[in-house]
Amino acid sequence: MNNNLWYKNSVFYELSVRAFKDSDGDGHGDLRGLTEKLDYLQTLGVDCIWIMPIYPSPLRDDGYDIADYYSVDPDYGSLDQLKVLIEAAHQRDIRIIMDLVLNHTSDAHPWFQASRSDRSSPYRDYYVWNDDDKKYPDVRIIFSDVEKSNWTWDEKAGQYFWHRFYSTQPDLNFDNPKVRDEMLNVMRFWLTLGIDGFRVDAPTYLFEREGTNCESLPETHAYLKRIRSMMDAEFPGAIMLAESNQWPGELARYFDAGDEFHMAFHFPLMPRMYLALAQGDASAIIDILEATPAIPESCQWMLFLRNHDELSLEMVTENERGFMWREYAPEPQMILNLGIRRRLAPIMRNDRRKIEVINSLLFTLPGSPILYYGDEIGMGDNLNLPDRNGVRTPMQWDDSLNAGFSTGEPFSELVQGEFGYQRVNVASQVNDPSSLFRCIKRMIAIRKEHAAFGSGGMEWIDMGIPSVAAFLRRYQDDTILVINNLASCAETIQIPEEYQTNYLNLLGGDLQTLTAQVTLQPYSYMWLEQLK
């Protein structure tokens, strides 16, 4: 496992340890449970697992409110159990990245408690304090549905503290060199333990400057370069993945000259895959990819359909957002912030054709794909649960009590009805050749056999029909033609003469000759390798 560009041709998998598998019957998933299920992830074909926060936390924000950067919450296990997990994963050629929450801590963190308690404390300057709430008036409020200001008054401190997210998550003060050094030491601690990198939460907001929107400031980029320099020198092969919800040109700055992030989520592309499918028109995808700048050879986009948050619609127009809400979130409780709090299968109305074709896009467009746990079996959500908890329910392993997740009472109410564990579970799909699991497993296996998907160039091909997303992926002597019909009806496409040739159908294994006209079934897709 010494290939430093391993992430370019890898398939990633995001999971919540708490929701994945409980090994001791306390109702909370844990590190031992995840270790027990590594064979499942190996069978699926996963190369790297991103685990959501496992640090000690009051869980006011599902662990993104950290109370100790140097430990594991006892609910999940111990540092020794994490080491066992890492070693067991590496034995299966599976890497592990963790969440790194740089921007803020929990208000329960000892640093913050010391900071608010004593103005002369060395920790006072670990956070951003002010006598009034007037500074940085040009900064948007991210959680505007629950927070009315980025400043919160603290009675004990006698001042306001700054926060970009919930008021229980005070921002760290990166103008303080001790904070900058401390966070480098946090990274060294976990990388020394053996993890393979970090998904960096909210790197956009580290510094504040008057007269700006306090996002993506030069000081922030300078610090990120310092982090990358440390990682390259001390932990070559470890990666940083940026979670920054920005437009493509702004996002590309987080790669810069290949000396900041290795990877970044392509937030603008994600909603446009859904938009294109709803409109039966590929132009939304084509336009955003054409607006995406070239990035350094050593860098890579991370492509995703869903994650642990709401499906963000920040990167679409107001009209497009309204259209997508009507199409994919027709009931008010399905909407959260500027997004949709549903899983992939319910969003697609459990239409297997739609689920497959949007996954075809995920696995073949430029970048590396990441799956959200349970989406490979078509898990549903629980809209009775508040906020984003509805898409963070226990993994559905089988049809036994509590979905095979735990012998005790699960931490969360399980999904019921059409998507309940009695119908949707791993055990019923693993050995079923026609299951969604087997379909996704096959896509993963094919993708990993062809570097053209992860490292190759891309060329759009006009097939004469707006609903058809057709493109070539090329790498060295490997050329693959991908055709996706995003329409709800059959479409007859015109194959340009230079592509009327013989192919290996990668998904079916048979030989196929494309003629001048080809009829595509609704929501169908083809991955065709040109024969030499």
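This is a predicted model: local features need pLDDT of at least 70, side-chain atom pairs count only at pLDDT 80 or more; totals for chains, interfaces and linings use all residues.
Q: Thanks! How many of the residues of E16 are buried?
A: In strand E16, 6 of the 8 residues are buried, so the strand is mostly covered. Buried here means under 20% relative accessible area, exposed means over 50%, and partly exposed lies in between, with a 1.4 Å probe and protein chains only. Strands (E, at least two residues) and helices (H or I, at least four) are DSSP runs numbered from the N terminus.

Q: Okay, back to the strand. Which strand does E16 pair with over 8 bridges?
A: That is E17: E16 covers residues 468-475, E17 covers 478-485, and the two pair in the antiparallel sense. Two strands count as paired if DSSP finds at least two bridges between them. Within this pair, Val-468 stands opposite Asn-485, and Arg-473 faces Ile-480.

Q: And what happens at the turn in that hairpin?
A: The hairpin of E16 and E17 has 2 residues between the strands, and Gln-476 takes a positive phi near 55° there.

Q: How many bridges join E15 to E16?
A: There are 4, and these strands run antiparallel too. Gly-457 is opposite Arg-474 in E16.

Q: What is the strand order of the whole sheet?
A: The order is E15-E16-E17-E22-E19-E20, an open sheet of 6 strands with antiparallel pairing. E15 (457-460) and E20 (511-513) stand at the edges with a single partner strand each, so one side of each has no neighbour in the sheet. From one strand to the next, the twist averages 30°; the angles are taken between N-to-C directions of axes fitted to C-alpha atoms and run from 0 to 180 degrees.

Q: Where does Ser-524 sit?
A: Ser-524 is in the loop between strand E21 (517-520) and strand E22 (525-530). Its relative accessible area is 18%, so it is buried. Beyond its neighbours within four places in sequence, Ser-524 is in contact (heavy atoms within 4.5 Å) with Val-357, Ile-483, Asn-484 and Asn-485.

Q: Is Val-357 buried or exposed?
A: Val-357 is one of the buried residues of helix H13. H13 (residues 352-364) is mostly covered, with 11 of its 13 residues buried.

Q: Switching topic: where is Tyr-373?
A: Tyr-373 is in the loop between strand E14 (368-372) and helix H14 (426-430), and is buried at a relative accessible area of 0%. Leaving aside neighbours within four places in sequence, its contacts include Tyr-13, Phe-20, Arg-343 and Arg-392. The C-alpha atoms of Tyr-373 and Arg-392 are separated by 9.1 Å, and the two residues are 19 apart along the chain. A polar atom of the Tyr-373 side chain lies 3.5 Å from the backbone oxygen of Arg-392.

Q: Last one: how many disulfides does the structure hold?
A: It holds 0 disulfides, meaning pairs of cysteine sulfur atoms within 2.5 Å. For Cys-48, the closest cysteine sulfur is in Cys-299, 17 Å away, which is too far for a bond. Cys-48 is buried at 0% relative accessibility, and Cys-214 is buried at 1%.

Key:
Residues are numbered from 1 along each chain as its sequence is written. Side-chain values use heavy atoms; hydrogens and water are left out. The expected span of a helix is 1.5 Å times one less than its number of residues. A polar contact is a pair of N or O atoms within 3.5 Å; within protein, one must be able to donate a hydrogen and the other to accept it, and residues adjacent in sequence count only if both atoms are side-chain atoms.
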